[in-house]
Structures are given as C-alpha cells and as structure tokens.
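Subject: Model handover

Hi,

Here's the model I promised to pass on.

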Amino acid sequence: MSDCYQPCPENKFTFGLWTVGNVGRDPFGEPVRSPLSPIEIVHLLADIGAYGVNFHDNDLVPIDATSAERNQIIGAFKAALQETGLTVPMATTNLFTDPIFRDGAFTANDPKVRAYALQKTMNAIDLGVELGAQIYVFWGGREGVETDAGKNPQEALKWFREALNFLSSYVQDQGYNLKFALEPKPNEPRGDIYLSTVGAMLAFIETLDHKEMVGVNPEVAHEHMAGLNFLHAVAQAWDAGKLFHIDLNDQAFGRYDQDFRFGAHNLKSAFFLVKFLEDVGYDGNRHFDAHAYRSEDYEGVKDFARGCIRTYLILQEKAKQFNADTEIQSLLAEIHADDGAMAPYQGAYSTAKATALKQHVFDRRAISQPGHAYERLDQLAIELLLGVR
Ligand code: DIG
Ligand code: MN
Ligand code: MN
C-alpha cells in the first residue's frame, strides 16, 4: 500500500483495547484469536500509528483483580504508554458483561444493582482520570428491556438521570477535568435499549442537572442499525455543541451490530461524514470502535486497524478534492444561487416582515419548474470517489 496515507498525532486516531483485542467470539462461535494483554495492544496500536488507546475499566483491570494485581497492571500499562507515547483520551465503564447487570445497571429494578453501578463507575472514572482521560463515555448496553411488563420506561429514565446527575456531581466534587459522552444504540444486547438514537440522547441531556458537561458519542453502526442517516445525527450533535466524541466504524442497515472497519460497507456515507467533520473543523478524537472479521488472525487485525486509518485519510483527501473541484463547486454555486428577492423577509421576525410576506405573490409554477441537478452533482461525487476525477 502507498505510504502517503500515514497517520500523525494531529489526526487523533484512537482505538479501544477491546477493538484490536477482539478475540472473534460471537453468539455462535468460540474465540478464534488468543487474547492480547493490554501491553501487547498498546504496542500493536503504536505500531500502526494510533494516537491513543481507550479502555473499559475491566479491559485493563479484571473485575476480581486483587489490589496488588491492579497496581501491577496499571504500572505496566503506564510504562507501555510512556514507552510508546500513546495517550488515553477516553475511558468508560463495563456495565454490561457481569451477570449483575442482566437487568441493566443504572436502570436496573434492584436498587443494589443501581448503587453498585454508581460505585463501579466512580472507581472507573478515577482510573480513567489517573491515566489522562478527558472524555468519559457511557454506553448503556444493558439499559433496556425484552418486555415492558417489568419496568415503567419513565421510571427507568428517572433512574438514568439520577445516576448521571450523581456522577457529574462526583466529577465536579473531585475537581476532574472530564466531560461525559453518552452513546446511544437502538438494541443488542437488550431487545430494546433506552435512549436509542442521537436525537433521543440530545433531548435527554437537556434534562440533566449539569448538562453543560454532557454530550454525545454517536456511533456509525448504531444509527445505521436504526436505519438512520448518521451524518444528520452528527450534524445535529455538532449544531448543539454536543459532539464530544465519535465512534467510527461501518454497518449494513438493519443488521446486528457489525462494527465493521471504517468505510468497509457504506463508502459514500463515510465520505460525506469525513467531509463534514473536516469542513466544520471537528478536533476531537476519531475513535474506531470496530473489530476485524472473525476470519482474521493478528496480521489481519493489523490490516483492519490500518484500513480504518487509511480509509479516513483517503476520504479526507477526497474531501479536499471535492472542495477544490471547479465543476463541482460551480454547480453548487448554481444550486445555492440566491437573487436576494427574499432578503426583506429573512432574519429576525418583525410584524412588518410578516405582514409584507403575507402580501407577497409567489409564482408557484415558475418556482417549481427548474430541476436541482442533484443527479449530475452526485455522479460527480461518485466519480471523484471512484478516482476518475
Ligand atoms: C459499543 O459500541 C460501546 C462500547 O464498546 C463502549 O462502551 C463504547 C465506547 O466507544 N462503545
Ligand atoms: Mn457498536
Ligand atoms: Mn461504540
């Protein structure tokens, strides 16, 4: 592969320990790859040019580790970070693997489970901050139901809100420089997961006590699972000043969570996403929350990780090309042409404007006549992506 698509720290490409460390287990098959230690993963990520490594508490420290084991693991992890120069931009809590969370964590009916989830998250936040994290992700993988018979969904949202209010107050009480990023998903592993899309999360954030420190972590695969346009979700988050983090991967619509290599399935939507992130100057982490096909060995896993990075960098270059393409840009100028005739009615409301607009006579037929040349524009974008422009 050509070497002009090499990552640099400014790209802020990150991977979770669980991504390249995925051993290929699925609901119908045992692991196909032997586990890698966090240290081995740090070196693998450094080798492929990542900027940072993220983790769930138990990706690093097993849930039943003794304090001596915990200290040894953290010490070795810190040494590997020091040796490779990798950072830890984001941390999160595993509130989904242990059987105690089978009815949820913050939304479990059992108050003991809800309290344990708070305790586990406070300890995980402490660890994340100790290792340098400034973003803390909450993915409520078990916050949901298979039947609504056992739980009032409003009660569940109340519990979720109480947990996040408690934890944001904890962060402030500790004086941590940490922001929360809530990650939605419509289903899996629960039949239905609460707060299932970016839109639902953005509305929920507005009900929190410390909403200023809470944003979203949209994931490509999760909006696609719901059949939604991921770019539109990201644009709404960005517009709200709430795009605190992003999980990049890919996914066929209407399937289980495939967590494919970035751009592996929907190249065109990946292109318009990268173009948006670059055009608006998103300077957050570009986190590849994805894993290699179960068919792969560890050389294949490195191919997967390099592929995520290369595809992003190639699409970043294509976005620059799109913005510099004279035929595309002149067509866009035509499409966005404005003769200024509506200027008197634009901007802030006034009674005079409303009165004048109500008097304005529109020639509906004339206005509806011209086409929009979107076919020509989209074909130009396709041909740019196909490398013939
Ligand atoms: C799944 O998409 C979730 C978990 O992998 C993790 O909690 C979060 C962090 O990106 N994404
Ligand atoms: Mn996912
Ligand atoms: Mn994710």
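**What I found**

The side chains of H245 and N217 make a polar contact at 2.8 Å (that is, a pair of N or O atoms within 3.5 Å; within protein, one must be able to donate a hydrogen and the other to accept it, and residues adjacent in sequence count only if both atoms are side-chain atoms). H245 sits in the loop between α9 (230-239) and β9, and with 0% relative accessibility it counts as buried (under 20% relative accessible area; exposed is over 50% and partly exposed in between, with a 1.4 Å probe and protein chains only). Helices (H or I, at least four residues) and strands (E, at least two) are DSSP runs, numbered from the N terminus.

Some housekeeping: this is a predicted model, where local features need pLDDT of at least 70, side-chain atom pairs count only at pLDDT 80 or more, and totals for chains, interfaces and linings use all residues. Residues are numbered from 1 along each chain as its sequence is written, chains are lettered from A and ligands numbered from 1 in the order in which they are written, and side-chain values use heavy atoms, with hydrogens and water left out.

Now the metals. Which residues coordinate the manganese ion (ligand 2)? They are E219 (OE), H222 (NE2), D257 (OD) and D259 (OD), at 2.0 to 2.5 Å. Donors here are N, O and S atoms within 2.8 Å of the metal (3.2 Å for Na, K and Ca); water is not among the atoms, so sites may look incomplete. Along the sequence, the donor residues of ligand 2 follow the spacing E-x2-H-x34-D-x1-D. H222 lies in helix α8 (residues 220-225) and D257 in the loop between β9 (247-248) and α10 (267-280), so this pair ties together parts that are 35 residues apart in sequence. Both H222 and D257 are buried. D259 also counts as buried, at 12% relative accessibility, and has a positive phi of about 50 degrees although it is not a glycine. The other manganese ion, ligand 3, is 4.5 Å from ligand 2, and E219 coordinates both.

On to ligand 1. There are 13 residues around it, of which H56, E183, E219, D247 and D289 come nearest (a residue is near if one of its heavy atoms lies within 4 Å). Oxygen atoms of ligand 1 lie 2.9 Å from a side-chain N or O atom of H56, 2.7 Å from one of E219 and 2.8 Å from a polar side-chain atom of D289. Taken alone, ligand 1 exposes 300 Å², and the protein buries 95% of that (Shrake-Rupley areas with a 1.4 Å probe; for residues, only the protein chains shown count as cover).

In strand β1 (residues 13-16), F13 and F15 point one way and T14 and G16 the other, and all are buried. β1 runs parallel to β10 (residues 286-288), joined by three bridges (strands pair if DSSP finds at least two bridges between them). F13 has R286 as its bridge partner in β10. β1 also pairs in the parallel sense with β2 (residues 52-56), over three bridges, where V53 is the partner of F15.

One for your backbone checks: a cis peptide bond joins E188 and P189, with omega about 10 degrees. P189 lies in the loop between β6 (179-183) and β7 (192-193).

Cheers
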